[in-house]
Amino acid sequence: MRVVIMGCGRVGSSLARAMVKRGHEVAVIDRNPSAFTRLGDGFTGQRIVGVGFDRDVLIKAGIEQADAFAAVSSGDNSNIISARVARETFDVERVVARIYDAKRAAVYERLGIPTVATVPWTTERFVSALGEVSTTTEWRDPSGTLAIAQLEIDESWIGTTVVKFQELTGARISFINRVGNPVLPEAKTVLQQDDVVFAAVLLERLAETRTIAASPIDAD
């Protein structure tokens, strides 16, 4: 997959390294040449100096052959403009934008452009949004059959009890990070906005569990 990333700050550089590590072709755009130092000497992708919503700059970065585009600069306006150019002008299939203003994010979602809020952010959220299932785990048992992994959950799970979540995903929630504080869930615990969920799951079912958790809840 060819991935074009606009913005080489903390998020953009982390995402770029993660995508290269997964074997993808990556091009990173930033108007500040010194920003590319965050990529490290071992980065094998392209470094493009310029404005991320400029057509010529995007073409130089290979947007015409891109399978995915991530706009992760420090400005909402720049991110959404470049995301719309990638989607509407160059027909990039997978586009995601980093948005600081949560109210604006809802508007952009309706335009068909997935957004990722600034806080909390993780590289895995963007990796998932760009169409990959993460295999990252926080802990594995010595037998290599069980893992505790962070699960990205769809917004439709908000308000669902831990018991219902476990029943539908097959994962056992180990703990929840809620506003920076760890929560050991009880049966009556309900998932809330921006909860970061860590769950124990058999490795053979990890990909399936991640897919279920990241998809809208089945009301049935």
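## Overall organisation

Among the contacts in the chain with a separation of 6 or more, 58% are made by residues 24 or more positions apart. The structure is a predicted model. Its chain holds seven helices and eleven strands.

Of the 220 residues of the chain, 45% are classed as buried.

## Packing of helix 6 and helix 7

Helix 6 spans residues 162-169 and helix 7 spans residues 206-214. Their axes come within 9 Å and cross at roughly 130°. This angle lies between the ranges for roughly perpendicular (65 to 115) and roughly antiparallel (over 145), and the two helices are therefore oblique to each other. The crossing of helix 6 with helix 7 is right-handed.

On helix 6, the contact is formed by Phe165, Leu168 and Thr169; on helix 7, Thr209, Ile212 and Ala213 take part. By class, this contact comprises four nonpolar and two polar residues, with no charged residues.

## Residues with positive phi

Most residues other than glycine have a negative phi. Asp91 has a positive phi, near 55°. Asp91 sits in the loop between helix 3 (76-89) and strand 5 (94-99), and with a relative accessible area of 63% this residue is exposed.

Asp194, likewise not a glycine, has a positive phi of about 70°. The loop between strand 10 (181-183) and strand 11 (196-202) contains Asp194. The relative accessible area of Asp194 is 42%, and the residue is therefore partly exposed.

Definitions and conventions: Residues are numbered from 1 along each chain as its sequence is written. This is a predicted model: local features need pLDDT of at least 70, side-chain atom pairs count only at pLDDT 80 or more; totals for chains, interfaces and linings use all residues. Side-chain values use heavy atoms; hydrogens and water are left out. Helices (H or I, at least four residues) and strands (E, at least two) are DSSP runs, numbered from the N terminus. Buried means under 20% relative accessible area, exposed over 50%, partly exposed in between (1.4 Å probe, protein chains only). Contact means heavy atoms within 4.5 Å. Axes are lines fitted to C-alpha atoms, for helices over the stretch in contact, and angles run from 0 to 180 degrees between N-to-C directions. Angles under 35 degrees count as roughly parallel, over 145 as roughly antiparallel, 65 to 115 as roughly perpendicular and the rest as oblique. A crossing is left-handed if the near helix is turned anticlockwise from the far one by less than a right angle, and right-handed if clockwise. Ala, Val, Leu, Ile, Met, Phe, Trp, Tyr, Cys and Pro count as nonpolar, Asp, Glu, Lys and Arg as charged, and the others, Gly among them, as polar.
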